Structure formats: structure tokens, C-alpha cells
Amino acid sequence: MTIHTSAGNVAGRVDADGIQSFLGIPFAAPPVGHLRFEPPHPPEPWTTVRDATEYGPTAPHLESTGVLSAIIPDVTRPGDDFLNLNIWTADPLGSAPVMVFVHGGSFTSGSGSVVGYDGSHFARHGVVLVTINYRLAADGFLWFGEGMPNLGMLDQVAALEWVRDNIAAFGGDPRNVTVFGESAGAMSVGALLVMPAAKGLFHRAILESGAGHHSISAESARLVGTRLAEILGVQPSREAIAGVPIAQLLEAQAQVGRELTAKPKPALWGDVADKGLPFLPVVDGSVLPSAPIDALVSGASSDVDILIGNNTEEAGLLLTPGNKIASMPKWLVYLAARQARLPFGGVRTYFRGMPRAKASAVLVSILTDYLYRIPAIRLAEAHPKSFVYEFDWGTPAFDGALGACHGVELPFVFDNLASSDWAGMTGATAPQLLADEVHGAWVEFARTGNPGWERYAEPSRVARRFGTPSATTNDDRRAEREVWAGIR
């Protein structure tokens, strides 16, 4: 079937069940040449029918290595026209809820063109599903104080504008759009909730393992950019960095990340030292007027329905076989917790709550709460229309050492347990009934704004724990939550 878009006609493909997909559709011009480090421009129109049966190029990045590469799929596809999106629909003549997925990858890797993010099951269950690409790392978030900041975020806005203007032709309702993301994608959603340019482009938001705390100051962005320029041996400017071969730039970006991990000192990195990621949305006062959590506390996007949560052992990626942290002594937990500003009394609360756990498992719980669970709770506390969840099924990868780690919910959300992309994460034991439940809650939220349980509010603090079995909780792990009062 051929569909008309604002830039020209596209022809997709149809699977055996009648689900239609349209892949690699440009929503903006290639951000190269004179358009590099510029806000996204409209794509050049085409006059013949564009083939939309294959994924398009991806934003330049280094593919994941180590543990992540074994369990979370990634792909790189060369080409300049990487500001593209993918659509799955069951009925182009309908008017179904729309869901737009923003991929994760620490703002330095990943893409919306991973086969594991195939949206066929969303389409089969009454949703038009869209996945997008956006500029990463330096191309998306480098800023020295001049020119337009947050280009990667503006790419996401451009994709949402394209959805607003074109999705009706694919059977989607532009008045019912849910934006959702995981990890850096969820942090992006947190920023979109408070960006003036994104206002009105979506009506519901889902944040998986990310909230409103991951943004940095303009000064910190300059520190990161200056160090990147030093590694490359060029002047600290976008123009100079644009002249560096892309392969060299990618390696230098990775080196910045390694240096930040080795020495997370505020004197070197500013508030990036606390965030742990060198490239993040920048609070510039205009594109991103303030830190997302601060704006949300002040009432931003109070009309948007929010579903937010995390996995029980997000930081379980620390416990891979052979990693020394797996057999760490108890005193190291206290030392490591200082980085999270958690006092000794708070650490003791975790040990009391996990009396039979290894010291390493206690540290995983502390870091999971610091980086993911408590920021999610803070956002839910600030927003009157929030629903909270926790995903509690552990991956069998690495003999079960990782637990319900970062990213484990994704094959369940997309209902793609059988995809070879997720084989490293799901193994042969992933329960389809749990996928039905999680995927169904996401679809129901997109449809109605309610995933199937009560909103998060005092005093009950109701949340949904997805596991085998699942359950509704009331102020789960209250003692651990309370030790973070005044910290996050």
C-alpha cells in the first residue's frame, strides 16, 4: 500500500497477519555538511514512490561491547539520512492510539532500527507504533555556549512534529500520542515533558528506567566539550570538531566516557560527575529552560498522563561473572555509597532489609535506588497524574547473576520474546503471560491513560510490581525510600 506524507509517497510491506510496516522514512534532512550542528531541517521532498521496506541508516555510534552487547541488541547502518523513523500499523484507514518510542543507549549509542523493537505486536493490539532515531553524543549534545543546544532533543521534537502532521495517513490519531522511552530514552522523555518546543505534541508519557534528574549545566557541557577537543587535538568549538573524521570522533567520545568513569570528580566535570554520562540534555535556559525535575515540581506538563518505573536490580550489570564486585567485602558498600551521598545509617537500613544477601547485592540495591527508583518516585510525587511500576523478572543470562537488570523489561514491553535480538536476555524461560501483562498495560495506558491500577499518591503510594506472580504494592520498601529524603 502507498501512503502520502508531507514529503512524498512511501510504500511499505505487509506481513502474513496483515500488519503493515513503513521503515526508514526521513523526518528531517541529513544533518551533515552545512546542516551539521544545526537544528533539524525538513527533508527534501521526493517525487517518486519511496521504498520503505527496509530500515534506514542509524546515527553514527560505536556498538555496545561486553555485557550489554550480549543482552541488549544494537545495530549500525551507514548513511547520512539517519534522521528517520519506522511505523507499524494494522489499519491505515483507522484512527488508533499512537506510541512513539525513544531508544536508549546512554545518549551515545543505540537506534530505533533494532529488530527487537519491531512494533508488529503493538499494531496487532490496536496501536500505531513509531520508533525514531536522533543525533547522539557530540553531534546531539555538544555545546560550548554558542549556536543551538540540545540538537538531539530537537531531533526528537521534529519526529513528534512529523507524527502530528502525518500519522493520520497511517491510521493513527494525532490527538492521542504517547511518547515512551527506556534509559536515555526515558531521560529524553523527562526533558520533552518540560521543553516548550514539545508542548502539545504528545498527551501521555512512559518512562522506563529514567526520570527527570539527568540534565547538566551549560558549564558542565563546556567542560565535557573542552576535554573532547583536547583528546582530538583541536580547538574547543563545534566547527573544529566537525572537521574530525567520524571514526576518530567516536573513539574520542568513548575515551571521555572512560575518563569520567575512572575519575568522576566535580572539579573535572562539574555536575556531569554526579550524572555518570558525559553527553546529556543541557539546561540552556531556552530549549531546556530548567532541570526537568525542577520544572515538573513546579507544575510543568500537569495535563500529561505519566507511567514511570524501573527494574528491581537495574545495577545488576555490575555482577557479571569474573567481576570483582561480586565478592566485595561489606565495608566497600559503605565506601561506594558515599558517591551517592547516602549516610552510613542509610546503608545499614539496606543491610537490615536484606539480611541474607551478599554485600554486592546490597550495593546493587542501593545504586538501583539512587540512579533509577528514587528519581522515578520523585517525579511521581511531583506529578498528579502518575502511575508507578517495578519490573521484577530476572534474566537467566550469566547464570542469573544479573537479576532484573537494566533493559530486561524491553522484550516484554514489545511482546517480542521470540525475537532472536532478545535471545541473550530472555533465554528459553521468559514467561509469555508476563509479556501479555506488561505489553497489555502499556497498550491500555496509551489507549485510556490508565494502565490498570491506582495513581501514585500519599499515603498509599500504590505501584504495580510485574513478576511471577505480579502484585499491587503499597509504599513498597518504605524504610529504604525514606533514607533518601533530602538526597534525590
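This is a predicted model: local features need pLDDT of at least 70, side-chain atom pairs count only at pLDDT 80 or more; totals for chains, interfaces and linings use all residues.
Three strands make up an open sheet of mixed pairing, arranged in the order S1-S2-S5. Strand S1 (2-5) and strand S5 (50-51) stand at its edges, and each has a single partner strand, so one side of each is left without a neighbour in the sheet.

- S1 and strand S2 (residues 8-11) run antiparallel and are joined by four bridges.
- Within this pairing, Thr 5 has Gly 8 of S2 as its bridge partner.

**Salt bridges**

- Across the whole structure, a search finds 26 salt bridges, among them the pairs described in the following points.
- Arg 50 and Asp 81 meet through their side chains in a salt bridge, with an N to O distance of 3.4 Å; this pair links distant parts of the chain, since Arg 50 belongs to strand S5 while Asp 81, 31 residues apart from it, lies in the loop between helix H1 (66-71) and strand S6 (84-89).
- Arg 50 counts as partly exposed at 27% relative accessibility, and Asp 81 is likewise partly exposed, with a relative accessible area of 22%.
- A salt bridge of 3.2 Å, N to O, brings together the side chains of Arg 222 and Glu 219, two residues that both lie in helix H6 (residues 218-232), three residues apart, or about one turn of the helix.

**Cavities**

- Three cavities of 30 Å³ or more are counted in the model, and the largest cavity has a volume of about 170 Å³.
- The lining of the largest cavity consists of 16 residues, and those nearest its centre are Arg 373, Val 388, Glu 390, Ala 463 and Asp 476; the elements that give two or more residues to this lining are helix H14 (359-382), strand S14 (386-391) and strand S15 (462-466).
- By class, the lining of the largest cavity divides into eight charged, six nonpolar and two polar residues.
- The second largest cavity holds about 70 Å³ of space, and its lining includes Pro 60, Phe 82, Thr 108 and Arg 135.
- Helix H3 (137-141) and helix H8 (246-262) are the elements that give two or more residues to the lining of the second largest cavity, and H8 gives the most, with three residues.
- The lining of the second largest cavity has six nonpolar, two polar and two charged residues.

**The second largest pocket**

- About 400 Å³ of space lies in the second largest pocket, which is lined by 18 residues, with Thr 312, Glu 313, Met 354, Ala 361 and Ser 365 the closest to its centre.
- Helix H13 (344-353) and H14 are the elements that give two or more residues to the lining of this pocket, and H14 gives the most, with four residues.
- The lining of the second largest pocket comprises seven nonpolar, six polar and five charged residues.

Notes. Residues are numbered from 1 along each chain as its sequence is written. Side-chain values use heavy atoms; hydrogens and water are left out. On a 1 Å grid over the protein atoms alone, a cavity is a set of points where a 1.4 Å probe fits but cannot get out, and a pocket is an open set with protein on both sides within 12 Å along at least five of seven lines; lining residues have an atom within 4 Å of a point. Grid points are joined across faces, edges and corners, and a volume is the space filled by probe spheres set on the points. Ala, Val, Leu, Ile, Met, Phe, Trp, Tyr, Cys and Pro count as nonpolar, Asp, Glu, Lys and Arg as charged, and the others, Gly among them, as polar. Two strands pair if DSSP finds at least two bridges between them. A salt bridge is a side-chain nitrogen of Lys or Arg within 4 Å of a carboxyl oxygen of Asp or Glu. Buried means under 20% relative accessible area, exposed over 50%, partly exposed in between (1.4 Å probe, protein chains only).
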